[in-house]
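Welcome! Please take a look at the sequence and the structure shown here, and then let us walk through them together.

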Amino acid sequence: MSASTSAPSQEQIETAVEQTLVGWGAELDAGQKFWWMDWNRMIRDAITAMRTGEPVLYDDDE
């Protein structure tokens, strides 16, 4: 990155990650479920983990 180029904002990063994951999910199964995974929930959890720096865990993960 050059000195004249500023780093992307957190919002830009989160939007880019969300769009990337939506694209991956659509390629696999048109945004529905793949191997019992809810892609929209996975995307929200990934963004939450990025924001907080903590993993998003559920009762069955612990």
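The protein chain holds 2 helices and 2 strands, where helices (H or I, at least four residues) and strands (E, at least two) are DSSP runs numbered from the N terminus. Reading from the N terminus, the order of elements is α-β-β-α. This is a predicted model, in which local features need pLDDT of at least 70, side-chain atom pairs count only at pLDDT 80 or more, and totals for chains, interfaces and linings use all residues. Residues are numbered from 1 along each chain as its sequence is written, and side-chain values use heavy atoms, with hydrogens and water left out.

How confident is the predictor? The pLDDT, its confidence in each residue from 0 to 100, averages 77 over the protein chain, and 69% of the residues score at least 70. Among the elements, helix α2 has the highest mean pLDDT (86), while strand β1 (residues 33-34) has the lowest (54). Where pLDDT is low, the predicted coordinates should not be read in detail.

Of the 62 residues in the protein chain, 13% are buried; buried means under 20% relative accessible area, exposed over 50%, and partly exposed in between (1.4 Å probe, protein chains only). The protein chain exposes about 5,200 Å², and carbon and sulfur atoms supply 54% of that area. Accessible areas come from the Shrake-Rupley method with a 1.4 Å probe; for residues, only the protein chains shown count as cover.

Now to helix α2. Its 14 residues should span 20 Å at 1.5 Å a residue, and its end C-alpha atoms are 20 Å apart, which agrees; the expected span is 1.5 Å times one less than the number of residues. Trp 39, Ile 43, Asp 45 and Ile 47 are the buried residues of α2. Just after this helix, Gly 53 takes a positive phi of about 75°.

| Residue | Relative accessible area | State |
|---|---|---|
| Trp 39 | 10% | buried |
| Glu 14 | 10% | buried |
| Arg 51 | 57% | exposed |

Trp 39 and Trp 24 are 15 residues apart along the chain, and their C-alpha atoms are separated by 9.3 Å.

Side chains of opposite charge can pair when their charged atoms come close. How many salt bridges does a search of the whole structure find? It finds 1, a salt bridge being a side-chain nitrogen of Lys or Arg within 4 Å of a carboxyl oxygen of Asp or Glu. Arg 51 forms a salt bridge with Glu 14, with their closest N and O atoms 2.9 Å apart. Because Arg 51 lies in helix α2 and Glu 14 in helix α1 (residues 10-29), the pair ties together parts that are 37 residues apart in sequence.

Asp 45, in helix α2 (residues 39-52), is buried yet has no salt bridge. The nearest side chain of opposite charge, Arg 41, is 4.3 Å away; Lys and Arg count as positive and Asp and Glu as negative, with His and the chain ends not counted. Not counting residues up to four places away in sequence, Asp 45 touches Val 56 and Tyr 58, contact meaning heavy atoms within 4.5 Å.

Methods: pLDDT = per-residue confidence, 0-100.
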